[in-house]
Amino acid sequence: MDDKPDRIVLTEAQKRSRRSRSIAIALVLGALVILFYIVTLVKGPGMLNRPL
Amino acid sequence: MSLASENAALASPLRAEIAYAEPSMAGASDYVALLKPRVMSLVVFTALAGLVVAPGHFHPVLAFFSLVCIAVGAGAAGALNMWYDADIDAVMSRTADRPIPRGRIAPGEAAGFGMTLAGFSIAIMALLVSWLAAALLAFTIFFYVVVYTLWLKRRTPQNIVIGGAAGAFPPMIGWAAATGGITLEPCLLFLIIFFWTPPHFWALSLLRVDDYARARVPMLPVVAGLKETRRQILLYSAVLVPVGVAPWLLGYAGAVYGATALVAGLAMVAFAWRVRVAQSGARAERAAKRLFAFSILYLFILFAVLLIDSGLGGLLGGLFGRAAA
């Protein structure tokens, strides 16, 4: 009896797609970090001071 | 039933689903396509006009952040539209190549992607820019997805007339982000895009009547016929002339904008008139194509001149003045 769990083996094309998605997510997250940092510098202590 | 056997019973269909699920082939470009980047570029441009034309000083970094939120919000609405309309997209030649009909992205993935982006763009706009701008962005996404896509698109030939409001909100969002309020001027920018949308979309639908009929989308040419569509294109184009000139008439823009809006508006009417008189054949198709192409140019010219005429000069002056100081 084969007790190895069923696993999906990715093809080269699927690996390339996954890599492209991972890089895109990393770039977006990096851009968000930079943007939040810059906005924090711009807004300073009044960061969350937004009158309704 | 023991817990173990219950788990086994629950797990087996899930395991089957996992076993048959194909790993995603979607690349980053497929997710970008879900955002409708061409529509997004027009949204960003008109929102920029609202931002720049608004009175007072708005920090360029916050302006950029606002535009990113508006762009992402527009993209989210596009992704949710593609999720719901995947069945229509699959049978229309113009949209059959989109990621969901092609099988590159599962509908549920697109829905999750759209909802996530919508939530983030609205939350970030609210937290970092302005509550009103965030509320308007949320309403715009709601209007495009729920009012236009889910409700009107498959039910009435007035779908793109009423639904067109969603595409007209970005200048108001830009204005609200810059000022924290809304006045008559951004409402005029809203009206320009609102009255521009029907001739723009109906010119396209004249070229895709068979597609829309096959997809059972009740666009005006499918429901009311080509002749009535051409008549309404002309009517909306005629209404667009005074609406386009209104910012100058009411003193919000300079004479350069007024003259440009008048000439461009009359040109739009001339193109619409050609569509009206060219009833059939290659001449009619050419006239519709030209109107569609010119309508994009019309909106670009109007907002570009508005930017230069009443906003960009001041913004650049402010930036250079500040740098010099």
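In which sense, left-handed or right-handed, does helix 10 of chain B pass helix 11 of chain B? I took this question as the start of my notebook, and I note at once that the model is predicted.

**Entry 1. The pair of helices**

I looked up the crossing and found that helix 10 of chain B passes helix 11 of chain B in a right-handed crossing. I then recorded the geometry of the pair. Helix 10 of chain B covers residues 170–179, and helix 11 of chain B covers residues 184–207. Their axes are 8 Å apart and meet at an angle of about 160°. Helix 10 of chain B is therefore roughly antiparallel to helix 11 of chain B, because an angle over 145 degrees counts as roughly antiparallel.

I next asked which residues make this contact. From helix 10 of chain B I listed Pro171(B), Met172(B) and Trp175(B). From helix 11 of chain B I listed Pro186(B), Leu189(B) and Phe190(B). By class, I found 6 nonpolar residues in this contact, with no polar and no charged ones.

I asked how many residues of helix 10 of chain B are buried. The helix is mostly covered, with 9 of its 10 residues buried. I wrote down the buried residues as Pro170(B), Pro171(B), Met172(B), Ile173(B), Gly174(B), Trp175(B), Ala176(B), Ala177(B) and Ala178(B). The cover over them includes helix 3, helix 4 (60–84), helix 7 (131–152) and helix 11 of chain B.

I also checked what follows the helix. Just after helix 10 of chain B, Gly180(B) takes a positive phi of about 80°.

**Entry 2. Ile173(B) and Leu184(B)**

Ile173(B) belongs to helix 10 of chain B, and Leu184(B) belongs to helix 11 of chain B.

Is Ile173(B) buried or exposed? I counted it as buried, because 33 other C-beta atoms lie within 10 Å and 20 or more are enough for that label. Setting aside neighbours within four places in sequence, I found Ile173(B) in contact with Ala47(B), Gly50(B), Ile70(B), Ala133(B), Leu136(B), Leu137(B) and Thr140(B). I also looked up Leu299(B), which is 126 residues from Ile173(B) along the chain. The C-alpha atoms of these two residues are separated by 18 Å.

Is Leu184(B) buried or exposed? Leu184(B) has 10 C-beta neighbours inside 10 Å and so counts as exposed, since the label applies at 12 or fewer. From C-alpha to C-alpha, Leu184(B) and Pro99(B) are 40 Å apart in space, and they are 85 residues apart in sequence.

Lys36(B) has a positive phi of about 50°, and Arg216(B) has one of about 60°.

I located Lys36(B) in the loop between helix 2 (28–34) and helix 3 of chain B. Lys36(B) counts as partly exposed because 19 C-beta neighbours lie inside 10 Å. I located Arg216(B) in the loop between helix 12 (209–214) and helix 13 (220–223) of chain B. Arg216(B) is exposed, because 11 other C-beta atoms lie within 10 Å.

**Entry 3. The two domains of chain B**

I consulted the domain assignment of chain B, which gives domain 1 (32–180) and domain 2 (183–312). Their centres, taken over C-alpha atoms, are separated by 21 Å. Across the boundary, 26 residues of domain 1 of chain B are in contact with 25 residues of domain 2 of chain B.

Which elements give two or more residues to the side of domain 1 of chain B that touches domain 2 of chain B? I listed helix 3 (37–53), helix 5 (86–91), helix 8 (159–163), helix 9 (165–168) and helix 10 of chain B. Helix 3 of chain B gives the most to this side, with 6 residues. This side of domain 1 of chain B has 16 nonpolar, 6 polar and 4 charged residues.

**Entry 4. The whole chain and its partner**

Chain B has 16 helices and 0 strands. Of its 325 residues, 47% are buried. Among contacts in chain B between residues at least 6 apart in sequence, 73% join residues at least 24 apart.

Finally, I examined the contact between chain A and chain B. Chain A brings 15 residues to it and chain B brings 14.

Methods: Residues are numbered from 1 along each chain as its sequence is written. Chains are lettered from A and ligands numbered from 1 in the order in which they are written. This is a predicted model: local features need pLDDT of at least 70, side-chain atom pairs count only at pLDDT 80 or more; totals for chains, interfaces and linings use all residues. Two residues are in contact if their C-beta atoms, placed from the backbone, lie within 7 Å. Axes are lines fitted to C-alpha atoms, for helices over the stretch in contact, and angles run from 0 to 180 degrees between N-to-C directions. Helices (H or I, at least four residues) and strands (E, at least two) are DSSP runs, numbered from the N terminus. Angles under 35 degrees count as roughly parallel, over 145 as roughly antiparallel, 65 to 115 as roughly perpendicular and the rest as oblique. A crossing is left-handed if the near helix is turned anticlockwise from the far one by less than a right angle, and right-handed if clockwise. Ala, Val, Leu, Ile, Met, Phe, Trp, Tyr, Cys and Pro count as nonpolar, Asp, Glu, Lys and Arg as charged, and the others, Gly among them, as polar. Domain bounds come from an automatic or database domain assignment.
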